[in-house]
Amino acid sequence: MQLAAAAALGRALLDEHGLQDWSLVFDRAKRRAGICRSERREIGLSAPLTELHEEADVRDTLLHEIAHALVGVRHGHDAVWRTTARRIGCSGERCVRPDAPELPGAWVGTCTAGHQVTRHRRPDRPAACRRCGPAFDLAHLLTWTHHGRTVAMSARYEAQLRRLRERAETMPAGTPGSRPVVVLRPGERARVIAVGRYHGAVGAVVKRGRTRYHLRTPEGVLTVPFELVERAT
């Protein structure tokens with residue numbers, strides 16, 4: 001959708017839902033289509049993604065963020081937000097439809113089977129191909145290039161990869177290349193097994209992201225890769 005048309009649509013929807021004193025702005029976000037900035041009283045749209053998306057998707061994104069503005073950010077994507085979103089004509093989904101166009105990232109990860117994923121930022125930890133298996137396995141480790149060139153990864157990345165390989169060497173023959181991912185739901189308790197300051201910390205899962213859990217612990221909310229937690233009883 002052209003940006004001028006999206007701006008006109010956004011202005012009309014803001015006015016329609018009583019947000020005349022709110023503004024619509026475009027930014028350069030590459031992974032999220034929209035955002036509600038209540039403190040600024042503005043709705044933000046990703047310019048590059050808006051240009052890729054169809055009008056129906058842009059409308060749904062606008063209504064999604066307008067619903068946040070109407071109910072307040074404290075509701076997140078809870079039932080109150082969803083009810084309001086659907087009432088004003090939004091799908092009520094947390095994200096754009098799965099088959100919506102995306103911007104390819106400069107970082108390309110390739111597994112041994114040739115499957116590829118892209119990222120917009122340098123990966124900060126080892127990742128395995130999800131198409132080859134739902135659990136992290138060193139046999140399906142993604143190797144990364146940036147703009148088509150092999151580059152050195154960060155010291156943090158290399159340290160985590162070294163620990164994973166050392167742990168794999170101590171596992172019985174025939175087991176996967178790494179500890180299976182523990183599937184936990186919000187509210188369940190988990191223990192951090194990563195080496196470092198938070199080793200052994202126990203908390204409740206508050207969110208399951210794409211690659212890591214958000215754990216509420218006495219030390220605060222920690223974001224921990226799936227493979228670096230275990231179920232806590």
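Two strands are said to pair if DSSP finds at least two bridges between them. With that in mind, this predicted model contains an open sheet of three strands, arranged in the order 1-3-2 and with mixed pairing. Its edge strands are strand 1 (23-27) and strand 2, each of which pairs on one side only, and neighbouring strands of the sheet are turned against each other by 25° on average, direction ignored. Across strand 1 and strand 3 lies helix 1 (residues 3-16), which runs at about 150° to strand 1.

The structure holds one cavity of 30 Å³ or more, and the largest cavity contains about 30 Å³ of space. Its lining consists of Ala 33, Leu 45, Ser 46, Leu 49, Thr 50, His 53, Val 58 and Thr 61, and the elements that contribute two or more residues to it are strand 3, helix 2 (47-52) and helix 3. Sorted by class, this lining has four nonpolar and four polar residues, with no charged ones.

The largest pocket, by contrast, has charged residues in its lining, with 18 of them alongside 17 nonpolar and 13 polar residues. Its volume is about 2100 Å³, and it is lined by 48 residues, of which Arg 31, Arg 32, Cys 95, Lys 207 and Arg 210 lie nearest its centre. Two or more lining residues come from each of strand 2 (34-37), helix 3 (55-71), strand 5 (116-119), strand 9 (202-208) and strand 10 (212-217), and helix 3 gives the most, with five residues.

A last stop is Leu 228, which is found in the loop between strand 11 (220-225) and strand 12 (229-231). Leaving aside neighbours within four places in sequence, Leu 228 is in contact with Gln 160, Arg 167, Arg 191, Val 192, Ile 193 and Ala 194. Thr 217, eleven residues away from Leu 228 in sequence, lies 15 Å from it in space, C-alpha to C-alpha.

Key:
Residues numbered from 1 in each chain as written. Predicted model: local features only at pLDDT ≥ 70, side-chain atom pairs only at ≥ 80, totals over all residues. Heavy atoms only, no water. 1 Å grid on protein atoms, 1.4 Å probe; cavity = no way out; pocket = protein on both sides within 12 Å on 5 of 7 lines; lining within 4 Å. Points joined across faces, edges and corners; volume = space filled by probe spheres on them. Helix = DSSP H or I, 4+ residues; strand = E, 2+ residues; numbered from the N terminus. Nonpolar A, V, L, I, M, F, W, Y, C, P; charged D, E, K, R; others polar. Axes fitted to C-alpha atoms, helices over the stretch in contact; angles between N-to-C directions. Contact = heavy atoms within 4.5 Å.
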